[in-house]
Amino acid sequence: MQPLPELLGQTGLGCALWGTDGLLQMATEPWCQWFGLPQATAIGQPLQQLLKPQAWATHSQHFAAAAQGLAQEYDETREDELGTPLHRRIRLRPAAVDGSGRHAVLMVMQDVSREYARGEVIARQREQLQTLHQQLRSSRHDAGEMDKLRTLLDWRTAMLAEHNDMLQLLSHEIRQPLNNASAAMQATLKAIDDLHLPDATPATKALLRAEHVLQQVIGTLDNTLAAGTILAVGGKAGASSETDLPTLIKLVLHDIAADQRPRIDVQWLTRPRTVQLHPALMRLTIRNLLNNALAYAPADTQVALRISESDEPLALILEVADLGPGIPEELRPRLFDKGSRGHNSRHRTGAGLGLFIVRSVLQLHQGTVEALPNQPHGTVMRLVIPQGLAE
C-alpha cells in the first residue's frame, strides 16, 4: 500500500497533520510546495520553525485556536513568479486530544483561484449591466439610442448565459478532484481497518474529519451552482423527466458521508416506481435535508427517510424525520430564506443555502415543503411533489 501522504498527494490535495505535541506527522507534496518546504526534512518539526516570520504571523493564531479545539477557515493569497495572484482556502480541523486538552490539528488546503477570478468577472459584468440600465433610463426620448442600448443589453444577457454555462463546466473540473480525494480517503480508511493496527485510531479520526471537510466543500459547491441554475431557468423546472425513484434514493445515500449512512432508515410506504421530476435538483434537495437532520439530531439517533404518495391530488410525498431539538420559533419565519442557519448544529458550515435550495426546487416543481413537529421531539420536513401535471 502506498504511504498516506503520497496517496493524498496524487489527488492534488494539500494536507498536513500535527500531533498533540505540535510536531508535523504528515504532509503532502502540494502542501510543502505552497510553503516552500522540503518534504523529507519537514516531518517532526513544529509549524513555527517551518514557516518564515511573515507566514507564521498569518497562521499562528488560527493554528493555536485549532489546537484548542476550535475549527478555523480562512484564505491566503500569494503571487507566482509572473505576478499572478494565487488563492488557497485553508481549513484547520481539531483531531485527537491528549490529557492536557491539546488537540492534534489537520490542515486541508483548496485552490480557490478560479473562484476569485469568477467573482471578479461577475462583478465587472454587473457593473456593466448597471451602467447600461442607467443609460437606458436617461435616453428615453432618443429612439435610436434606445434601440442601440437594447441591443447591447441583449448581448450582455447572452454573455451572462454563456458565463453560467462556463460555471457549470468549471464546477465539473473542480468537483471531480474533490470526489477523487474523498474516494482515496475512503479506500485508505478501509486499508487501515484491514491491517488491524493497534494505534491507527488517530489517523482514522483525522481521515474521517478530512472526508467530512471534502463533503462540505462539495455540498457548498453544488448548492451554489444549483442557486444559479434556479435563477437561469426562470421559474420552470426545466429538464423534468421520468426518473426511477429507487435509483435516485441510492444516489442520494451515496452522497452522504460513509460513516453517517448507517444512521439513515429508508422507509418505503409505497411501491418503488418512476416519477416525474428534475433528478439532479431533487437529488440535491433530499441530500440537503438528510445532511441537516444528521447534523442537528443526536449522533446516536436514526434519521428516517419516508417515501409515500397520494391519489388526490396525485403527488409523491417525501419526509425526512429526525429526533433533534426542533426548530426555534424565532427561526421559523425565515427558515427557508437565503443565508438562514440554525445555531445548534455540531457542524456550523456552509453559506445557509440548503433550505433555500429546497424551497426553490419545490417551487419549480409546483410543490410544497413544510417543517412539522416530530413526536416525541424533533422535526419532519415534508415535501409534496405533484405528478401528472400538464407540460
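## Sheet and aromatic cluster

Five strands form an open sheet in the order 2-1-5-4-3, with antiparallel pairing. Strand 2 (24–27) and strand 3 (72–79) are the edge strands, each with a single partner, so one side of each has no neighbour in the sheet. From one strand to the next the twist averages 20°. Strands (E, at least two residues) and helices (H or I, at least four) are DSSP runs numbered from the N terminus, and two strands pair if DSSP finds at least two bridges between them.

The model is predicted: local features need pLDDT of at least 70 and side-chain atom pairs count only at pLDDT 80 or more, while totals for chains, interfaces and linings use all residues. Residues are numbered from 1 along each chain as its sequence is written, and side-chain values use heavy atoms, with hydrogens and water left out.

Strand 1 (residues 14–18) and strand 5 (residues 103–111) are antiparallel partners over 5 bridges. Gly 14 has Met 109 as its bridge partner in strand 5.

The whole structure holds 3 aromatic pairs. Rings of Phe, Tyr and Trp (its six-membered ring) pair if their centres lie within 6.5 Å; planes under 30 degrees apart count as stacked, over 60 as edge-to-face and the rest as tilted. Two of the pairs are tabulated.

| Pair | Centre distance | Plane angle and class |
|---|---|---|
| Trp 18 and Trp 31 | 5.7 Å | 70°, edge-to-face |
| Trp 18 and Phe 63 | 5.0 Å | 80°, edge-to-face |

Phe 63 lies in helix 5 (residues 53–67) and Trp 18 in strand 1, so their pair ties together parts 45 residues apart in sequence. Trp 18 and Phe 63 are both buried (under 20% relative accessible area; exposed is over 50%, partly exposed in between, with a 1.4 Å probe and protein chains only). Ring pairs join Trp 18, Trp 31, Phe 35 and Phe 63 into a cluster.

Methods. Axes are lines fitted to C-alpha atoms, for helices over the stretch in contact, and angles run from 0 to 180 degrees between N-to-C directions.
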